[in-house]
Amino acid sequence: MTRKSWLLICFITLTGYASAENFRVLGPQGVNLWKLEAYHKQKTLRGGRFVAQDAQAPLYGSNEDKDKGYNFPAQWFEQPLDHFDKSITDTYHQRYWVNTRHYRPRPGAPVIVLDGGETSGEDRLPFLDTGIVEILARATGGVGVVLEHRYYGESIPVANFTTDSLRFLNNAQSAADSANFMRNVKFRGIQEDLTAPGTPWIYYGGSYAGARAAHMKILYPDIVWGAIASSAVTHATLENWQYMDIIRNAANPKCAQHLVNAISTIDGILANSKPFIKRQLKNLFGLGGLEHDDDFASVLESPLGSWQAKCWDPEVGSNRFDEFCAALTSPFGRFTNETFEQPFGHPDRLVDLDGPNELAVDLSIINYGRYIKKNIVSRCPEDLGVEECFGTYDDEKYKDTGIDQDWRLWLFQVCTEWGYFTTAPPDQNMPRIISNLLTLGYESKICKQAFPPGQHFRVPALPNITVVNELGDFDIAADRLAIIDGEVDPWRPDTPHSDDANDREDTILRPFKVIPGGVHHYDEYGLANLLDEPPEIRRIHAEMISFVRSWLKDWKTEFAAIKKLSASSYALSSLGPQGVNQWKLDAAEKNDAFKVDAATAIDFPVQLFEQPLDHFDKNIHDTFQQRYWVSTRHYTPRPGAPVIVLDGGETSGTGRLQFLDTGIVDILTRATGGVGVVLEHRYYGGSVPVANFTTDSLRFLNNAQAAADRTPWIYYGGSYAGARAAHMKVLYPDIVWGAIASSAVTYANLEDWQYMDIIRRFADPKCSEALVNATAAIDDILLHGSTSDKRQLKALFGLAGIEHDDDFANVLQGPLGSWQSQNWVPALVSTRFTTFCQALTTPSGGLTERDFAQPFDHPDRRVVLDATTNFAVDVSVANYAAYINSTVSSRCRANAESCYGSYNDTSYQATGLDQTWRLWQFQVCTEWGFFTTAPPANVPRIISRLSTLEYQSKICKQAYPPGKHFRVPPQPDVEIVNKLGGFDIAADRLAFIDGEDDPWRPNTPHSDDAKKRPDSTLRPFKLIPNAVHHYDEYGLADPTAEPPQIQLIHSQMIDFVKSWLEDWNIKHGIKAQ
């Protein structure tokens, strides 16, 4: 196999503006050089303008790779042209390549995807063959992928590159492409489903693609398990003067000083000399006919970009910068090496160009001119003048919009979102190696020249770099996000390793590494034999393999835990219309927590017990098979050996097997020598007694029927099942010797506003305050704003298509439920609420910490969304919107109304057994209530006033029309629950255990509205500090590894259960053994 394509990637030559690795602002001069390169490649000249002959590529379908040496045939994935405006139904085909040479099919086998970035994906195939993708895939037994970026290579979704056609080329659309691909791709020849989030995807990118890798981890944390951001330019800036300053400081000092002196002299001549003197200077460079001084200065900048082309692999790296430096000090004529040793400007070094009293310049400038003549000006065709080749003030040069003009792509991104215009340092007294004529005005004028206003899109006056920087800027960070940079990379000032950024610790979870002497994404390159790489590259590759393997171990632990966790936390709430919408999106993504079955993960064979369908109407003779699982690992046969039964509650029993394995059932059976049982609740999991979930079929799903299924043991339940444990003790005291009711919602109510109030009170105060203020501001717009303001607000959240304001307001509640998912078990720890709070309270949009510290809605905190209408919001609202966009709105693959609208009754009338959302929702609508509503007017709120009882409960009528045998009541009959005790439910050998920070605590006997009780062995009444939902139910195989408050509660539970069993033995005359 040849390595020519490596040269395309690492080798930026003087005319390399059409090459694969062109991550620099083209600018007006850069486009000229691109056109010269195209001319020399195609040898075609048309009408005085340079074009590439027959360069148009097919929109999709070609499976021929330009480099036949790579055995990776191109494949295609259909993408929406616009992921956010569902009225645009056009699609295009995105190209990708797959390496399966190291793939070992197994759970947890990773996919390593490399973002193609701002070039043809074909130019990234070396990384799939011997570079970083191959290295990581080989080390992990995973699949390697190169994903071509929209508009580049052959992933072209449009017929031309006009301003309007390019409007879909932006950061958000490109990120949504990657997310859609990860969620839905089916790899040819692989039977396993490797889509995210069911498979750990590691996202790699270098340079611009490195920023995209970091952004993917921030925008799509649910599907990007890990990301490696190499030379990641996460800080977008308008004036990128530090690029050249890195080169000045890192280059050979002698060369750098010659450059500084030469540029200073040239700038002085251009600024202060008569026209004929300036023309003499330009003639020295072969550019006497170039009219504008800034055009002349920009041509002189051209060799400097070759610094970025340095590479550690000698077969790939360019030494052109070193050749340029050598040329500056190369002896010629009567000038010897000794002459060049004299200081710059020494009389012996001066050359008179036209008589002793005219222009005399230093030898370095003479050599500079000779180099430019030979390597750049010589490429201008003989029948054209240098003004035609290198002038930039003729707008017509930049009007060709054919798809062969691919210089327009990255330049469009530069002009709209990224910036990076290469300018002179802002301090005129600072040493510089480029002319001070290279200003922001000069470098950015091409944006107006090349992209005139379209019918649908107008390029902004200056790039909106806030779009990039609000995603984290220098401070972008997340668990399993690695930042890797080169010490002397000219792009380092725009990365988190910038001298202007905060320093960070380098850890396995958050790697933060600098490659000594490294330039641009040095880690991306690799050799077939890693031992042949230089020491610093072997080291970084070894470190990358190490932290990626560690991340994958974390994935196996966490994914197994997620499978075990099932829907326990998610189910216990009134799903409401938006909850059902979210359930459907989960199902569409094959990530529905209700459908996860972890039975195969733990060795407890399922068993079946026949139950009557109706325990009370003996005219109904139907039965069903109820599932249960048994652990006898600690059983000691003897009189009085207990049975600890755990109520499966409102989810599949398989989701409770973890508690039989290492959780509370195992803890108590180990301590008592008993038998452990998980008993699945009727209608849930595999204990389904009916053929569908119509209103009539669900009429046997109620508290009384479920209670009659139970057996006489010590009964444990958490959450809804906790209430059932308490009810079992009250309803069947003759067979339930003891019961433990954890987070037991024994008080049913209609308006459960205190759920969100607990979150407000116990969350980080800064986050709570931001939520309260943001919610009030959003409500003010929804309740009092104009139609235009409301439309703009919804668009900000990516929900422009939602018709009803209450639907919109309730979608915004989505992140708040993740508070309940917090857990002390390391494998189950969810950081989603913390991540949400961080997103809400982190400065963005170019704001500083000082700006952000201003009071809510202070002018310094305002983000203007529409300058024409002066519509602006506080930065907390903008941050809220960005989070909803990335974690909620982006999941919708149709228009927002179809995903999140709740007024179409037909959306809720499917009654198949796969519609498991209908189960707990039916119980909510008939007996339990718990509709999440806004608090009374005098209580600060973190959800909208539009979250009313009427809105949240309307689904009961929509989903459950009257049946022949049963009619859902207008409101849930919560008295059926509360008459069993409510807050005051109590009995001997009935324990209540709650978490201090549990949002369900207001519905338990530990509610602030309930009477205080003493804690005793006979009637335990315990509160776990800093705990959320049924924390005591979880456990570790090694109890000593549990946190102190969990060790304490488990010890107390063992003590009172043992005491209860002693009472049982005494009552039954059994002597202690």
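Predicted model: local features only at pLDDT ≥ 70, side-chain atom pairs only at ≥ 80, totals over all residues.
Colleague: How many bridges join strand 16 to strand 18, and what is the bridge partner of Val630?

Modeller: Strand 16 (residues 623-631) and strand 18 (residues 675-679) run antiparallel and are joined by four bridges; the partner of Val630 is Val677. Strand 17, by contrast, pairs with strand 18 in the parallel sense over five bridges, and there Leu646 has Val678 as its bridge partner.

Colleague: Where do these strands sit in the order of the sheet?

Modeller: The open sheet has eight strands in the order 15-16-18-17-19-20-25-26, with mixed pairing. Strand 15 (607-612) and strand 26 (1021-1024) are the edge strands, each pairing on one side only. From one strand to the next the twist averages 25°, where angles run from 0 to 180 degrees between N-to-C directions and axes are lines fitted to C-alpha atoms, for helices over the stretch in contact. Helix 24 (residues 720-731) packs on this sheet, touching strand 17 (643-647), strand 19 (714-718), strand 20 (739-742) and strand 25 (990-995), and its direction makes about 150° with that of strand 19; contact here means heavy atoms within 4.5 Å.

Colleague: Which residues point one way from strand 18, and which the other way?

Modeller: In a regular strand the side chains alternate between the two faces of the sheet. Here Val675, Val677 and Leu679 point one way, Gly676 and Val678 the other way, and all are buried. Buried means under 20% relative accessible area, exposed over 50%, and partly exposed in between (1.4 Å probe, protein chains only). Because five of the five residues of strand 18 are buried, the strand is largely enclosed by the rest of the structure.

Colleague: Which residues have the most contacts inside the largest nonpolar core?

Modeller: A nonpolar core is a set of buried Ala, Val, Leu, Ile, Met, Phe, Trp, Tyr and Cys residues joined through side-chain atoms within 4.5 Å. The largest has 129 residues, and those with the most contacts inside it are Ile228, Leu281, Phe285, Leu287, Phe296, Tyr368 and Phe390. It draws at least three residues from each of domain 1 (75-234 + 472-554) and domain 2 (242-467), with bounds that come from an automatic or database domain assignment. A second, separate core of 111 residues includes Ala748, Ala770, Ala1027 and Leu1036.

Colleague: Is Arg989 buried or exposed, and what is its phi?

Modeller: Arg989 has a positive phi of about 60° although it is not a glycine, and its place is in the loop between helix 35 (975-978) and strand 25. At 14% relative accessibility, Arg989 counts as buried. Asn1026, in the loop between strand 26 and helix 36 (1044-1067), also has a positive phi, near 55°, but Asn1026 is exposed, with a relative accessible area of 56%.

Terms used:
Residues numbered from 1 in each chain as written. Heavy atoms only, no water. Pairing = 2+ DSSP bridges. Helix = DSSP H or I, 4+ residues; strand = E, 2+ residues; numbered from the N terminus.
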